[in-house]
Amino acid sequence: ALRGRLASAVDLHLAGTDRVDPFAASAVASVTASIDASTLRLPIRTEPVRRALVAGIGTLALAGLAIALLPGPSRIGLERTFMPWTDAAWPARTDVESLMGDLSVVARGRPFSLAASLERGDPSRERVRARYRLERDGASGAWEEVVMTRQSGRRFERRVPSDADAIEFLFESVDDATGPQRIEFTTPPEVRSASLLVEPPDYAAAVRGPQRFELGPGTDRRSEVPAPQLAGSTATLRLELAKPLPVPDPGTIGKTLVGAPGDAEFSIDPSDPGVWNLVWRLDRPVAIECRLRDEHGLESTAGATYRVGVAFDAAPTVAIVVPESDDAVLPTAVLAIEAQARDDLEVTAGGLEASVGDGETVSIAEDLGMPGDRRTIRATLSIESLGAEAGDVVEVIATATDGLPGRASVRSSPRRLSI
């Protein structure tokens, strides 16, 4: 009896139409009178409730099993679901590790690379990044991020600037990161410049003064002295280092200054600990390679090498130039004799000697004038004063002496005068 009328009556009543419209009021009253509360039945469907209850119980059972078998991931899942404000996160599927080890100091200005390893994950597909910032004059710069280049296997590298005081860095993958590390940059142990002072031996000091050569850092043409130096000279190699270095032991100086003469004297400038001096006597050619090492174990890489050649003092040369050749003369002849002597440094003395056959040698001229690298010796020879007779042969020889102590006079080839 209520089908088709109950809904309309409810709408009219809720809209208030039955209070202003007699027809609507009559319709609502008719439906109200037809309702018998005692016979009203509300059908309830229990099947969906049972299905939902079974599903809920099954879900709880599965959840309990998961918690029992996988407690770690289950805990993380529950925390992320019910406590999203915590820092709970799923386990990383990659693992990046630093390969910089305990390195704490490297050389400033040299090529420097950061290195890391992707221990878990596909290195051919995953990216590894480096984040770093440089420190200069006590102030840290902004963080910079660079993608690292895969090398062999799981190794990744990236070259970064080293012209700073320090670098702070860390490595990141898609879901993992290392802790920050810090490496300081220090001045490498290198030779900044060098000079060589060569002082000639005493006997040559009058004709050759001290010479100084600027040899530079030991890596260009300046590192080799342009001309051989006189044997017996005193050489002083002055090395100006980029920074003070530990003093090498006297017994191991040859490992630091490789090629240095064994009798060389090593010292440090008392006014500047960054200056080394090496003094030795030039007896042979020398090539000295500087293999420096600082307190951090950093070694020089430039290969600074200094070379000094040696020229030995050559003996003087002397020859008779007048007469130009052997000659035949009369017993009464008076001849002009002239000889010329030369030396690489100086001729300190010269002379002319004459003899008849195997007889006694007689000095006919001696020149002890001012030393020089050239000298002319002249004399007038009277054949009669020598007592030579027809048929005899007079030999004239020139002599020359240089300043090298202990060296004998040099004698020329004889000029023969047939009487």
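Let me start with E299, which forms a salt bridge with R293, the closest N and O atoms being 2.6 Å apart; by salt bridge I mean a side-chain nitrogen of Lys or Arg within 4 Å of a carboxyl oxygen of Asp or Glu. Both partners count as partly exposed, E299 at 44% relative accessibility and R293 at 48%, where buried means under 20% relative accessible area, exposed over 50%, and partly exposed in between, with a 1.4 Å probe and protein chains only.

Please keep in mind that this is a predicted model, in which local features need pLDDT of at least 70 and side-chain atom pairs count only at pLDDT 80 or more, while totals for chains, interfaces and linings use all residues. Residues are numbered from 1 along each chain as its sequence is written, and side-chain values use heavy atoms, with hydrogens and water left out.

Staying with charged pairs, side chains of opposite charge can pair when their charged atoms come close. A search of the whole structure finds 26 salt bridges, and I will take two further examples. One of them joins D163 to R136, with the closest N and O atoms 3.2 Å apart. This pair links distant parts of the chain, since D163 sits in the loop between β8 (155-160) and β9 (166-172) and R136 in strand β4 (residues 129-136), 27 residues apart; strands here are DSSP runs of E with at least two residues, helices are runs of H or I with at least four, and both are numbered from the N terminus. D163 is partly exposed at 48% relative accessibility, and R136 is likewise partly exposed, with a relative accessible area of 38%.

The other example is R378 with E338, where the closest N and O atoms are 3.3 Å apart. Which of the two partners is buried, and which is exposed? R378 is exposed, with a relative accessible area of 58%, whereas E338 is buried at 19%. There is also a network, in which salt bridges that share partners join R129, R131, E145 and E172.

R293 brings us to the pocket. The largest pocket has a volume of about 250 Å³, and of the 14 residues that line it, K255, T256, R291, L292 and R293 lie nearest its centre. On the method, a 1 Å grid is laid over the protein atoms alone; a cavity is a set of points where a 1.4 Å probe fits but cannot get out, a pocket is an open set with protein on both sides within 12 Å along at least five of seven lines, and lining residues have an atom within 4 Å of a point. The lining divides into six nonpolar, three polar and five charged residues.

Turning to the sheets, five strands make an open sheet in the order β12-β11-β14-β17-β16, with antiparallel pairing, and two strands are taken to pair if DSSP finds at least two bridges between them. Its edge strands are β12 (211-214) and β16 (265-268), each pairing on one side only. Strand β11 (residues 191-199) is joined to β12 by four bridges, the two running antiparallel, and V198 stands opposite Q211 in β12.

An open sheet of three strands has the order β15-β18-β19, again with antiparallel pairing, and here β15 (257-258) and β19 (305-308) are the edge strands, each pairing on one side only. Four bridges join β18 (residues 286-290) to β19, with V286 opposite V308 in β19. The loop between β18 and β19 holds A304, which is buried, with a relative accessible area of 6%. A304 and D220 are 84 residues apart in sequence, yet 8.9 Å apart in space, C-alpha to C-alpha.

Finally, two points on the backbone. Most residues other than glycine have a negative phi, and most peptide bonds are trans. Against that background, the peptide bond from V322 to P323 is cis, with omega near -5°, and P323 lies in the loop between β21 (317-322) and β22 (327-328). D137, although not a glycine, has a positive phi of about 55°; D137 is placed in the loop between β4 and β5 (139-140), and is exposed, with a relative accessible area of 74%.

Technical notes:
Grid points are joined across faces, edges and corners, and a volume is the space filled by probe spheres set on the points. Ala, Val, Leu, Ile, Met, Phe, Trp, Tyr, Cys and Pro count as nonpolar, Asp, Glu, Lys and Arg as charged, and the others, Gly among them, as polar.
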